[in-house]
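Please open the structure in the viewer and keep the selection tool at hand.

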Amino acid sequence: MTCGISCVDKTLNKSFYHLGICIAKHPGYFVIIPVMLTLLCMTGYQQLKYQIDPEYLFSPINGEGKAERAVVEQFFKVNYTHRFNVGRITRPGRFGRVIVIPKDGDENMLRREIFMELRQLDNLIQNATTTYDGDTFTYKDNCARWENECFENDILNLDALMDDIESGQLNLTFPIMFNPVTWDAHAFPVFFGGTKLTEDNYIISVPAIQLVYFVTADTKRQDAKGAEWEETFLRVVGKAETTGMFKHISVSYFASRTLDHELEKNTKTVVPYFSSTFLLMGLFSIITCMMGDAVRSKPWLGLMGNVSAIMATLAAFGLAMYCGIEFIGINLAAPFLMIGIGIDDTFVMLAGWRRTPAKMPVQERMAHMMSEAAVSITITSVTDFISFLIGIISPFRSVKIFCTYSVFAVCFTFIWHITFFAACMAISGYRERKNLHAIFGCKVKPMSVAIKEKRNFLYKAIMAGGIDHNDPDNPIDNKDHMLMAFFKDKLAAVINNKWCKILIILAFASYLAGACYGVTQIKEGLERRKLSREDSYSVEFFDREDDYYREFPYRMQVIISSPLNYSDPWVQDQMENLTRTLEHTSYVTSSLYTESWLRSFLSFMDRNDDYLNMTIDDEPSFIEAVKEHWLFPGNPFSLDVRLNEEETQIIASRFLIQAVNITDTNHEKEMVRDLRKICKDSPLNASIFHPYFVFFDQFELVRPVSLQAMVIGAIIMMIISFIFIPNILCSLWVAFSVISIELGVAGYMALWDVNLDSISMINLIMCIGFSVDFTAHICYTYMSSKKRSPKARVREALHSLGLPIVQGSSSTILGIIALLLAQSYIFLVFFKMVFLVIFFGAMHGLFLLPVLLSLFGPGSWQTWTGRDDGSDAEFDDSVDNMKLGHVMEKPFAQSYYMQYPSMGLNGPYAYGSKGFLGAPYKAYGVDEKDQGLGTSGEDSSESSSSRSQRRQQLAANAPVPEEDAAQLRRRYEDGWRRSSYQNIYGNGNGSGGAQFQAQPDLYGQQVSAAEWRQRLDAHEQQHRSGKQRRSEVHDNYDRDMQRARRNSHGDIIDIHTPTPNSSLDERMRRQYQQAISAGSGDDSSYHRVQPESSPAPLANSSAKRYHRRRSSEDSTRYHQRWPANIEERRARRAHSPSQQRHSQSHSYSETAAVADNFARRSSSHHNLYQPSGKVTHQPPTYQYGDY
């Protein structure tokens, strides 16, 4: 399943490797420079441009409503100073509104005491004084006017008729009635809310009355004065209501600046929680980065991870402000998210550090840590970066601005973590190298030394830690992580149970069913009340507006924006057809509420045709009649007709219709869509408009834009995961997880009372990146595992990623918990949706994906057939490639897998050779690979190397005469049959068991560790005679190597230092050995010079029977496992007492000598060739430290 595009993976590993070395050499620069850059970027806060205009932020940039408003304002611009009409406005303007209900619970406002207090409230508002720029004025000085008369609430003039109304002598006729005293035309739907009527449209009761006050806003100065008056209005009315000034009425109030105030309050409410969040996250990081080892604990590094994220966010915001990007209150949610992302990267890098051997120099540890964490933190940052980048193309400015700031923050967080935080890790690494206490900085003893010295309990509990450099592999100092073991042993066992798998699948099916149901319940649009805090005065106003004024909510304008000959009967018919079509929809009330200048004018001409004695059959006469009899200044219809400059043609006109019974945002969306379609289908170039349509456009766009962003994001996330983790099946599982998580977030957010609006769309886009973090690495770890058994793969994946998933999800949720306390819908949506995506992502990673991968991934046939025994056996890739069945004439009867129980790593630094796709900087043992989030146990790496196998092949492939090879083979098989079957299986006839159960050696014989040591000593004593010849050759080799010896990165290494050999060493050693190679494969003949005519190497060399681990030349070119001083070690063993005692043991030494022809002893973990395909599991055997 692995594809060939591993260049990104390798390039990242190599680049980060060198970066780690550079940081370790100069940590001070990488601490000081980010700090200075942060302070420099923070000067950009002087360029802050704060934006709180709701229309600017939450309406589509190029919405259809804005285009319709431009058409209206082109022909019918509002004149607040002289010709203001509330039904014909194009913008909200500057206004104040109050909705009044009775306090006593009586739902009828038509009472004298109520109207007396309404008059008192009206006088209070109109007489309130306001000061702006040295100018003091009241409402009457700055009010919107019609024909030099202030806009007034004429409904208050009913107080003169209140005695007759209460006694029943006068009935109020709905919807319009002329006042018999003042001759005012009262439009009751404008003022009365929730009116109850009789069958004859007589008013029975009025539960609510609203009063409206408009001020001029034609110029910028008038608009500024109007804004100041609104502040006075809100202050005066609010004080009257809170102080209980009115006994009979309850007042709720609202102004055009109210939403601006609420957005500003939302910003201010979350600011106090910054400090508490930082403290909480700091405490969480300190605790989770601590462990029982006082030296290896990293509490201060956990804190520095928070500091790095905070510095990065401050620098990013400052740079964005320098770029002139406007700042909005929603941006304050970004720091909480960036802290969560930064802490996740902190856990990744700390886990990568723990995977490095403690005895390795700090520079090497930093290099390996950075190379291992490269893919993990890069893929997380890139997916978050791309998801926010998708949001920048959103049609909503609030989304664009937030995502732009977040893109800066993600980039800076990534850069600051691989520089500033990495430098802090290097400094901590030097402290750990000196075995200094993680908190107090004093030098302490390792636990093993503390036990030997019998230190007290308090010292061992608080002060002991680190490793003993004289015994670095002591298991007491290299304990596995307790929580990692829990995920591997406990949780994996639960998930691998078939009944638990069924339960998890059923739970997932229920999850999908609930998500699909929730998707059908999604409500679209950002309701105005949700922009306000729950304790805001505006919430009560919005609630009363929804309760009492939903019956006649919107006065809509239909504009005909093309020159027409209105005297033409066809045009008149088309106008009437359009009007009737709109009136016959369910969204528009009857023609009684329609204001059409053409309909009323034609009716007027029909009624007065004999009196007027005028014709309107041609356009000039029609224009003349309209101007003379209908468009006089006092008639509101004069605002609905626009003539050309010569006044010879009507170039635009409009009429008004009344919406009715619009219940919610979905209903509003349907109304706007259907009415616009009717206008577009008309041949009159018609359009419909209301000032709130600018906001309603989001209802039409938010669903397709969100769906488009989610689909594009899922595809891009799959491509990115495939680039960084080139496994097609892994990419498909990642895409499946992203879709599943996004579906769950979209469905359950609707059930959690979250609408699909611009705020939730920000979170949906953001969740695309967050949903990849856990799932991609779980899939990769499972897919790249070499285990045959799905159960073993599940154990390995959970052991590597169980704890990091819990840590990462917990840190992110803790980072946003302050948003829950802000009492703001905007920040509450952030909390709800981020919580959903983190929770669903963690559940997918910990439970669902391991189950699905075990059922449908590699080796799943074992799960379905019930043959999955959960063993840790691994795949043997050499069987198919080498075709050993054709090479070997007679395979071994038994083969064994040798496990070496060691808590530490072997070799000088024990850096392994196996990496994903042969990446040379990935792992710390031949079985190690990139574990996704970069975590494992404290020192849980296996000690193995592919170098030993090449040495075996080199020894076995030496030229051997055919007679000697056949003789050696017969001797080996005879000795193997005599010893193996009798020792292991008793007397060989099957009637009795084995005499003892010792551990199997590499060749299937049952021997103990002491006996194996004796055999080795005897074998080396037998071949000491060839030592002189070998030493001469190796002296020449060492002299050549001392001239210039370099590692795989080009750094010169002193040959006398215990640094592992490089691939150059190995190649030169091969050249020397091939030049002098000869003999039967034992030590004496291994270095014997052969003539050029010697036969070709034995084709059926037994060295090819061994399991060759998957390892590239690149991944083994540094840190060779074969000790450079191997000859000195053999020489020391030659003088051991056991060598003297067993020098006469001919059978053992002979068998060992012959076996040496087939394989050299190595510390690597080998599977011998298995003809039957079965694996025999044996207890772990003793491992030699030198080999």
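A charge is said to sit over a ring if NZ of Lys or CZ of Arg is within 6 Å of the ring centre and within 35 degrees of the ring normal. Select Arg-455 and Tyr-459 to see such a case: Arg-455 lies over the face of Tyr-459, at 4.6 Å from the ring centre. Next, select Lys-225 and Phe-137; the charged end of Lys-225 is placed over the ring of Phe-137, 4.7 Å from its centre.

Before continuing, please note that this is a predicted model, in which local features need pLDDT of at least 70 and side-chain atom pairs count only at pLDDT 80 or more, while totals for chains, interfaces and linings use all residues. Residues are numbered from 1 along each chain as its sequence is written, and side-chain values use heavy atoms, with hydrogens and water left out.

Helices (H or I, at least four residues) and strands (E, at least two) are DSSP runs, numbered from the N terminus. Two strands pair if DSSP finds at least two bridges between them.

**Stop two: strand 1 and its partners**

Select strand 1 (residues 94-102) together with strand 11 (residues 208-215): the two pair in the antiparallel sense over seven bridges. Val-100 is found opposite Ile-209 in strand 11. On the pairing of strand 1 with strand 12, seven bridges are again present, in the antiparallel sense, and Ile-101 has Ser-250 of strand 12 as its bridge partner.

Is strand 1 covered or open? Nine of its nine residues are buried, where buried means under 20% relative accessible area, exposed over 50% and partly exposed in between (1.4 Å probe, protein chains only). Arg-94, Gly-96, Val-98, Val-100 and Pro-102 point one way, and Phe-95, Arg-97, Ile-99 and Ile-101 the other way.

**Stop three: aromatic rings**

Rings of Phe, Tyr and Trp (its six-membered ring) pair if their centres lie within 6.5 Å; planes under 30 degrees apart count as stacked, over 60 as edge-to-face and the rest as tilted. The structure holds 45 aromatic pairs. Select Phe-95 and Phe-214: their ring centres are 5.9 Å apart and their planes stand at 45°, so the pair is tilted. Phe-95 lies in strand 1 and Phe-214 in strand 11, so the pair ties together parts that are 119 residues apart in sequence. Phe-214 is also the bridge partner of Phe-95. Phe-95 is buried at 7% relative accessibility, and Phe-214 is buried at 6%.

Then select Phe-508, Tyr-511, Phe-736, Tyr-748, Trp-752, Phe-831, Phe-835, Phe-839 and Phe-840, which form one aromatic cluster.

**Stop four: strand 13**

Select strand 13 (residues 555-560), of which six of the six residues are buried, so it is largely enclosed by the rest of the structure. Strand 13 pairs in the antiparallel sense with strand 16 (residues 650-658) over six bridges, and Arg-555 stands opposite Gln-658. With strand 17 (residues 686-689), strand 13 pairs in the antiparallel sense over four bridges; Gln-557 has Phe-689 as its bridge partner there.

**Stop five: the nonpolar cores**

A nonpolar core is a set of buried Ala, Val, Leu, Ile, Met, Phe, Trp, Tyr and Cys residues joined through side-chain atoms within 4.5 Å. Which residues touch the most other members of the largest nonpolar core? Among its 210 residues, these are Val-98, Phe-192, Met-366, Phe-402 and Phe-830. Helix 30 (residues 825-856) gives the largest share of this core, 20 residues. Another core, of 46 residues, lies apart from it and includes Tyr-554, Ile-623, Phe-655 and Leu-675.
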